[in-house]
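Dear colleague,

Please find the structure below. My notes on it follow.

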Amino acid sequence: MSGNEEDAVTEMQQPLVTKRSLLNIATIVAIATLLSKIFGLLRQVAIAAAFGNGTAYGAYNFAYVIPGFLLILLGGINGPFHSAIVSVLAKRDREQVAPIIDSITTLVTGILLLVTIALVIFAEPLLHLVAPGLFVPEADLLAKGISLETIQNLKITKDIAIQQFQIMAPMAVLAGLVGIGFGALNAADAYWLPSVSPMFSSLTVLIGIGGLVLTMGSKILLPENAMLGGAVLAWSTLAGAVLQWLVQLPVQLKAGMGGFKLRFDFQRPEVKEVMKIMLPATFSSGMLQINVWTDLFFASFIPNAAAAVSAMGYAGLLVQTPLGILSNVILVPLFPVLSKLTDPENWGELKQRIRQGLMLTALTMLPLSALMVALAMPISQVVYERYAFTAEDSQLTAAVLMAYSVGMFVYLGRDVLVRVFYALGDGDTPFKISIANIFLNGLFDYFLVQKFGAPGIVLATVSVNVLSMITMMYFLDRRLNGMPLKSWSMTIFGLVIASVLAGGASWAIYHFLSQSFASMSVVARFGAELGGLAIASAVGLTIFGAIAVRMKIPEISALTNQIKRRFSR
C-alpha cells in the first residue's frame with residue numbers, strides 16, 4: 001500500500017471519507033488498472049495463440065457466462081456490492097465498520113453457497129438455457145445442411161462447456177467475497193489493491209496455459225486433447241478468483257474493515273441499508289448481464305458457434321482493456337463525490353459533476369472508438385495473429401471489434417448515469433430500464449444476427465445502450481428539475497465529428513504505410529505493423545486533441561490545470 005493508505009489503516013476513529021483529490025485517486029486507479037488490463041491482454045493473447053477459435057475456448061465462453069456473470073456482477077469494481085458498501089460505509093466511523101462487514105459477509109456467503117451447489121447439480125440444464133444451439137438434435141442439423149464435421153465440433157463444445165461450468169461454479173461464493181472486500185477497501189480510502197487484484201486472476205490463467213503448452217506442445221490442438229485444454233482453462237480461472245480474494249483479505253483485516261468472521265447481526269440498521277441498496281442494484285446490473293446471456297443464446301445458433309463466440313471474446317477484451325481502465329479512473333473517484341451531493345441544495349454542483357463525468361467519458365471514449373473502428377483489422381493481426389490464430393480468425397475478430405468500438409461512449413456514459421441514480425438512493429429506475437432493455441436486446445439480436453452474424457449481436461447491444469442512456473437522461477432531467485441537455489449534447493456532437501475526422505485520418509495514414517508491409521519478413525512486418533499503428537493513432541489523437549482544445553471545453557482546462565499543479569509541486 002501507499003503511505004496514504006497506511007495512514008487510512010491506522011486512523012480508526014475517523015469517518016470514512018475520501019481525503020484525496022479526484023486526480024490523486026484517478027492516478028492510483030489508472031496505474032493499478034493499467035497493470036491489471038495489461039495482464040488481461042497477455043492472458044487473451046496466450047489463449048489465442050494456444051487455442052485460436054477452437055472448441056476449448058469456444059466452450060469456455062459459453063461455460064463462463066453464469067460464473068463470470070456472478071464474478072463481474074458481484075465482485076467487480078463499480079458493481080452493486082462495491083457501490084452499496086461504499087455509499088453506506090463512507091458515512092460511518094471506522095470503529096463501526098467491522099461488525100457491519102462481517103454480518104454482510106456471513107449473509108451473502110450463506111446465500112451464495114446454496115447458489116454454488118445448485119450450479120454444480122444443474123450444470124447441463126443451465127447450459128442448455130445459455131446455449132440451446134449446442135443441444136439441437138443431429139437430425140435437425142443435418143436437415144439444415146450442416147456438415148458432419150461442424151456437428152461433431154458442436155457436440156465436443158457442449159461436453160467441454162458442461163465440464164468447465166461445474167469446475168467454475170464456486171466462483172459464485174468468491175464473487176461475493178471479492179465484491180465486499182472491494183467496497184470495504186475503497187471505503188477505507190484504499191484504491192490500489194482493489195484495482196490491481198484482477199491481475200492475479202489473469203496470472204493464474206497464464207500459468208495454466210504455460211504449463212499446458214510446455215507439457216503438450218502442438219498436441220494441444222488435437223481434437224482428443226480439447227477436453228483437457230478446456231479443463232485447464234476452467235481450473236486456472238477458478239484459481240484466479242481464489243487468489244484475488246486471498247490477496248485482499250489481509251489488507252482488509254489490517255484496516256479494521258472486517259473479514260471472514262461469522263456474525264449473524266442481520267437486523268443491524270446499517271446491514272439493512274446496504275442490502276436495501278444492494279438488492280435492486282444487483283438486479284439492475286444483473287439485467288445488463290442477462291443481455292450477455294441473450295447474445296450468447298443467439299450466437300449458439302450460428303453454425304460455427306465456437307468461432308463466433310471466440311471472436312466476440314477476443315474483440316471484447318480489446319475494447320474492455322481501455323474501457324476498463326478509463327471506467328475505473330472516472331467512476332471510482334466520482335461516485336463518492338456524487339453520494340455527498342444528493343441534497344436539493346447541492347443539486348447545482350451535482351449537475352456539474354454529472355457533466356464532468358459525461359464530458360470526460362466523451363473526451364476519452366470517442367477518439368478511442370474512432371481509432372479502433374478505423375484500425376480494427378491491423379489491431380487484431382498485431383495482437384492475436386500467431387500460432388493457432390489464423391488470418392481468417394483475424395477477419396472475424398476485426399468485424400466484431402468494429403461493432404464493439406462503435407458503442408464505447410454509450411457503454412461508459414450509461415454507467416456514469418447509473419451511478420448518479422445509486423447516489424440518489426434510487427436503484428429502481430435503472431432496474432426498470434434494464435428490464436425493458438432485455439426484451440429490446442433479444443428483439444435486436446433476433447433481427448441483426450440473421451443479417452450480420454456475430455457483429456450483429458454486438459450491434460444489438462450497442463443499440464440497447466443508446467436507448468438506455470437516453471432514457472436515463474430523461475428521468476434525471478425530471479428528477480433534478482432540469483439539466484442543460486442541449487448545451488451538453490452540442491458539445492458531445494462536436495466531439496463526435498472530431499472523432500470521425502481523427503478516425504478517417506488514422507485509416508488513411510495506416511493504409512498508406514501498409515503498402516510496403518507485404519514484402520517484409522514476418523518479424524520485420526510485425527514491427528512495421530506495430531509502428532504503423534502507433535503513427536496512425538498518434539496522428540488521429542493529435543487531430544482530435546487540436547479540435548477539442550479549439551472547442552474550449554471547461555473539463556479540458558480543469559484537468560490540464562490539475563495536472564500542471566500536481567507536477568509543479
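At what angle do helix α3 (residues 55–63) and helix α9 (residues 148–168) pack, and how many Å apart are their axes? They pack at about 50 degrees, with their axes 8 Å apart. That makes α3 oblique to α9, since angles under 35 degrees count as roughly parallel, over 145 as roughly antiparallel, 65 to 115 as roughly perpendicular and the rest as oblique. Here α3 passes α9 in a right-handed crossing.

This is a predicted model, in which local features need pLDDT of at least 70 and side-chain atom pairs count only at pLDDT 80 or more, while totals for chains, interfaces and linings use all residues. Residues are numbered from 1 along each chain as its sequence is written, and side-chain values use heavy atoms, leaving out hydrogens and water.

A second pair is helix α17 (residues 376–384) and helix α18 (residues 391–406), whose axes come within 8 Å and cross at roughly 130 degrees. These two helices are therefore oblique to each other, and α17 passes α18 in a right-handed crossing.

Two residues of helix α6 (residues 97–121) also deserve a mention: Ile-121 and Thr-109. Ile-121 counts as exposed because its relative accessibility is 58%, whereas Thr-109 is buried at 12% relative accessible area (buried means under 20%, exposed over 50%, partly exposed in between, with a 1.4 Å probe and protein chains only). Between Thr-109 and Ala-175 there are 9.5 Å in space, C-alpha to C-alpha, although they are 66 residues apart in sequence.

Yours sincerely

Notes:
Helices (H or I, at least four residues) and strands (E, at least two) are DSSP runs, numbered from the N terminus. Axes are lines fitted to C-alpha atoms, for helices over the stretch in contact, and angles run from 0 to 180 degrees between N-to-C directions. A crossing is left-handed if the near helix is turned anticlockwise from the far one by less than a right angle, and right-handed if clockwise.
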